[in-house]
Amino acid sequence: MIDRLLDVGAETVPFDAEDLPGVAGQIFDNLIAHPDLMRLLSWKLLERPGATDQEVATYTAKTTAVAAAQEQGRVEPELGPEDLVAFVLALAQAWFSLTGGMSPTSGSDPWSTRRLARHRDAVVDAVRQITTPHR
């Protein structure tokens with residue numbers, strides 16, 4: 001049951017190896033719309049830390065697509081495709097995995113529309129910086 005819910009959550013965001021910043025932004029948006037997904041992921045990691053066959057197949061498809069985009073010069077090749085996919089996913093989830101949720105250190109409501117937009121922009125920009133080819 002939990003694996004199926006996580007699969008549905010992962011399938012919500014289409015993966016485009018040539019637009020990894022966009023993918024990260026969409027994952028961020030999906031997590032805002034479905035905050036239960038991070039709780040389920042955390043629970044799954046505690047209960048069943050190993051990857052399912054479906055997770056392995058999905059991750060392999062993503063890394064293969066990133067490798068192809070790197071070979072075509074559309075994604076920075078300095079980092080391996082496995083690392084890039086892991087970083088994109090981790091950056092998109094970063095604000096949600098903090099203890100207590102979004103960082104309350106700013107002095108304002110971390111869930112306000114304005115703060116969420118700033119967090120999203122930071123995620124997209126970080127992914128853009130590590131994936132844009134350096135020419």
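1. Helices here are DSSP runs of H or I with at least four residues, numbered from the N terminus. The model is a predicted one.

2. Helix α4 has 19 residues. From first C-alpha to last, α4 reaches 27 Å, close to the 27 Å expected at 1.5 Å a residue. The buried residues of α4 are Lys62, Thr63, Val66, Ala69 and Gln70. They cover an arc of only 115° around the axis, so they sit on the same side of α4. Asp53 and Glu71, on the other side of α4, are exposed.

3. The packing partners of the buried α4 residues are α2 (20-33) and α5 (81-93).

4. Lys62 deserves a separate entry. Lys62 lies in α4, residues 53-71. Its relative accessible area is 16%; because buried means under 20%, Lys62 counts as buried. Leaving aside residues up to four places away in sequence, Lys62 touches Phe15 and Val85.

5. One aromatic pair is present in the structure. The pair is formed by Phe28 and Phe96 and is tilted, with 5.2 Å centre to centre and 55° between the planes. Phe28 belongs to helix α2 and Phe96 to the loop between α5 and α6 (113-131), so the pair ties together parts 68 residues apart in sequence.

Note on methods:
Residues numbered from 1 in each chain as written. Predicted model: local features only at pLDDT ≥ 70, side-chain atom pairs only at ≥ 80, totals over all residues. Heavy atoms only, no water. Helix = DSSP H or I, 4+ residues; strand = E, 2+ residues; numbered from the N terminus. Buried < 20%, exposed > 50% of the residue type's maximum accessible area, 1.4 Å probe, protein only. Contact = heavy atoms within 4.5 Å. Expected span 1.5 Å × (residues − 1). Arc of directions from axis to C-beta. Phe/Tyr/Trp six-rings, centres within 6.5 Å; stacked < 30°, edge-to-face > 60°.
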